[in-house]
Every structure is written in C-alpha cells, then in structure tokens.
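Here is a friendly walk through a two-chain model. Have the sequence and the coordinates open as you read, and follow along element by element.

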Amino acid sequence: MHEPLDGRANGPVILVVEDEVLIRLDNAEELRRAGYRVIEAADAPEALGFLSGSEPLHLLVTDINMPGALDGLELAEMARSLRPGLPIVLASAHAPHGFEADRVIRKPYFASELVKIANELIEATWRTGNDNQQAC
Amino acid sequence: MADRERQPTSLLIADSDALVRHALAEYLRHCGYRVIEAASFEEAQLVLDSPSQPDGGAGPVDFVLSDVELMGGGNGFALRAWLRERYPDVPVLLAGSIQSAAEVAGELCDKGPELKRPYAVEQVIDEVRRKLAERARSVI
C-alpha cells in the first residue's frame with residue numbers, strides 16, 4: 001500500500017464502472033487500500049452522473065461489456081468530451097476496437113494489476129497538480 | 001474468531017441512486033466502517049451470499065442499509081424479507097420517503113422505513129450503533 005501521492009489528505013479519485021458487483025468491489029477495495037478514493041458505478045448511466053458533475057476525477061476504469069443502453073466504449077467516448085485529459089482504462093475479455101484508451105486491461109485480471117496501471121497513469125497528473133478534471 | 005473481531009464493521013448500502021449511495025458510503029468509510037455498495041436488489045443478494053475468499057469476495061456483512069425504492073427484482077422491503085429468512089442475524093435499516101414507503105408497507109402489512117428521507121447522515125450512524133448493540137444484547 002502506498003500513501004496518497006504527495007501526502008494530500010485525500011488521494012486521487014478513480015471512477016470504477018463495472019456491472020459485476022463482486023469484481024467492482026474487489027477492484028474498489030484494492031484501489032482504496034492503495035490510497036485512492038474510489039467512486040463506484042454499476043453501469044454507464046451511473047458513471048455519467050459523476051462524469052458530468054463537479055467531482056474531481058483522475059482516472060476512469062470501465063468495463064466494456066455492460067447491459068443497458070450504453071456500453072463502456074460509448075461511455076469512454078462521452079468521458080473524453082466531458083473530461084478532456086482524463087486517463088481512461090478499458091477492461092475487456094477481447095481487444096477493443098474504435099477507441100484509443102490510455103490502457104487496456106484484459107479480463108480476467110487481478111485487482112493488483114489495476115492498481116499498478118492506476119499508479120502509472122495517475123502519478124504524472126497528480127504530481128503536477130492537475131487534480132481538478134472537472135466536466136467542461 | 002479473533003481475526004474477525006479485529007475487522008471493521010462491514011456495512012452494505014443498497015441504493016439505486018449512485019450519487020446518494022456514494023455520498024453516504026464515503027461518509028461511513030470516513031467513520032471507519034467497511035462499506036460495500038450495491039446498486040440493485042440482485043447485487044445486494046450476490047454480496048450477501050459471497051463468502052470471503054483469499055482473492056476476493058465480500059465476506060460477512062454485519063449490517064444492511066437499504067433504500068425502500070431499490071431497483072431490480074425486489075425493493076427494500078423485499079430485501080428485508082429475504083434477509084429475515086436467510087440471514088436473520090443481520091440487522092436491516094430501511095430508508096425512504098414517507099409517503100411511498102407507507103403505501104408499500106401498508107400493502108405488505110409490514111413496518112415502514114426507520115429512516116425517513118431526507119435524513120442527516122449522523123442518524124445513520126446512530127441507527128447502525130443502536131441496531132448492532134441490540135443484536136449483541138440478543139446474542140448474550
């Protein structure tokens with residue numbers, strides 16, 4: 001476990017979008033143990049509620065295949081326009097097409113792998129003080 | 001058993017409004033609880049049925065806080081009824097608006113929600129402590 005980067009009281013904020021509750025729980029708890037604040041969303045519409053709000057976000061991790069009107073790829077597209085510069089990680093059993101994510105994590109994966117990716121993607125923006133990726 | 005006693009109390013919040021669920025969960029985490037979030041009736045069931053595993057799993061849940069208007073195959077009343085049958089030792093706290101909850105509770109001949117929306121988050125802590133203390137007394 002590492003402390004929140006640069007010792008701020010609250011760590012960087014990660015939005016985790018996953019419709020399988022036990023996977024979401026596992027990922028969220030591992031990321032929290034690593035010092036991050038985690039917002040959990042069970043589907044794309046829930047995630048959009050946070051992406052369009054004023055909560056600072058430093059990383060979006062989304063599953064691609066989710067039930068409902070929007071899948072993870074469409075959510076990622078919307079996130080790019082709502083939060084330019086927000087790093088995006090796509091999780092999928094298959095290679096995604098049509099979206100340039102910052103990172104793709106192939107399912108099944110260990111939550112520890114996600115923490116490693118989060119550390120790499122967040123550290124640069126967090127250290128430079130770019131911690132207020134609010135919606136335009 | 002000793003290991004279990006050192007674990008923080010695990011609370012499950014079942015609420016289909018992500019913004020409400022997140023705000024409440026963050027507050028309760030800040031207060032030292034382990035908080036598991038469920039967005040639907042089915043997610044709550046999955047979490048409650050999930051044993052603790054070396055590589056994950058929710059493990060035992062000590063307390064359930066559910067919104068009356070939970071989405072999915074059942075509402076908060078249905079979740080409470082399911083818990084009474086399957087996990088009778090797990091206290092449940094229902095939250096909801098007065099009118100809709102009273103209508104449903106009346107139909108079910110069951111008691112209404114203990115927490116009436118809008119409520120202060122401090123009330124949740126009080127209710128959690130009270131119900132867990134009640135359970136501890138009943139075990140003794």
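## Helix α3 of chain A

In α3(A), the buried residues are Gly72(A), Leu73(A), Leu75(A), Ala76(A) and Ala79(A). Buried here stands for 20 or more other C-beta atoms within 10 Å of a residue's own, exposed for 12 or fewer, and partly exposed for anything in between, with C-beta atoms placed from the backbone. Looking down the axis of α3(A), these buried residues fall within an arc of 155°, so they line one face of the helix; the arc is that of the directions from the helix axis to the C-beta atoms. Their cover includes β1, α2, β3 and β4 (88–92) of chain A.

A word on conventions: this is a predicted model, in which local features need pLDDT of at least 70 and side-chain atom pairs count only at pLDDT 80 or more, while totals for chains, interfaces and linings use all residues. Residues are numbered from 1 along each chain as its sequence is written, and chains are lettered from A and ligands numbered from 1 in the order in which they are written. Helices (H or I, at least four residues) and strands (E, at least two) are DSSP runs numbered from the N terminus.

## Helix α2 of chain A

Now turn to α2 (residues 44–51) of chain A, where Ala44(A), Glu46(A), Ala47(A), Phe50(A) and Leu51(A) are buried. The buried residues of α2(A) fall within an arc of 155° when seen down its axis, so they too line one face of the helix. Covering them are elements including β1 (13–17), β2 (37–41), β3 (59–63) and α3 (72–82) of chain A, together with α2 of chain B.

## The sheet of chain A

Five strands of chain A form an open sheet in the order β2-β1-β3-β4-β5, with parallel pairing; strands pair if DSSP finds at least two bridges between them. At the edges stand β2 and β5 of chain A, each with a single partner strand, so one side of each has no neighbour in the sheet. On average, neighbouring strands of this sheet are turned by 20° against each other, direction ignored.

The parallel strands β1(A) and β2(A) are joined by five bridges, and Val16(A) has Glu40(A) in β2(A) as its bridge partner. Across β1 and β2 of chain A lies helix α1 (residues 21–33), running at about 165° to β2(A). Such angles run from 0 to 180 degrees between N-to-C directions, with axes fitted to C-alpha atoms, for helices over the stretch in contact.

## Val104(A) on β5

Val104(A) sits in strand β5 (residues 103–106) of chain A. Why does Val104(A) count as partly exposed? Because it has 17 C-beta neighbours inside 10 Å. Not counting residues up to four places away in sequence, Val104(A) touches Leu90(A), Ser92(A) and Pro96(A), where contact means C-beta atoms, placed from the backbone, within 7 Å. Leu90(A) is 14 residues from Val104(A) in sequence, yet their C-alpha atoms are 4.8 Å apart.

Chain B has six helices and five strands, following the pattern α-β-α-β-α-β-α-β-α-β-α along the sequence. Of its 140 residues, 35% are buried.

The contact between the chains takes 14 residues from chain B and ten residues from chain A. On the chain B side, α2 (18–30), β2 (34–38) and α3 (41–48) each give two or more residues.

Conventions. Two residues are in contact if their C-beta atoms, placed from the backbone, lie within 7 Å.
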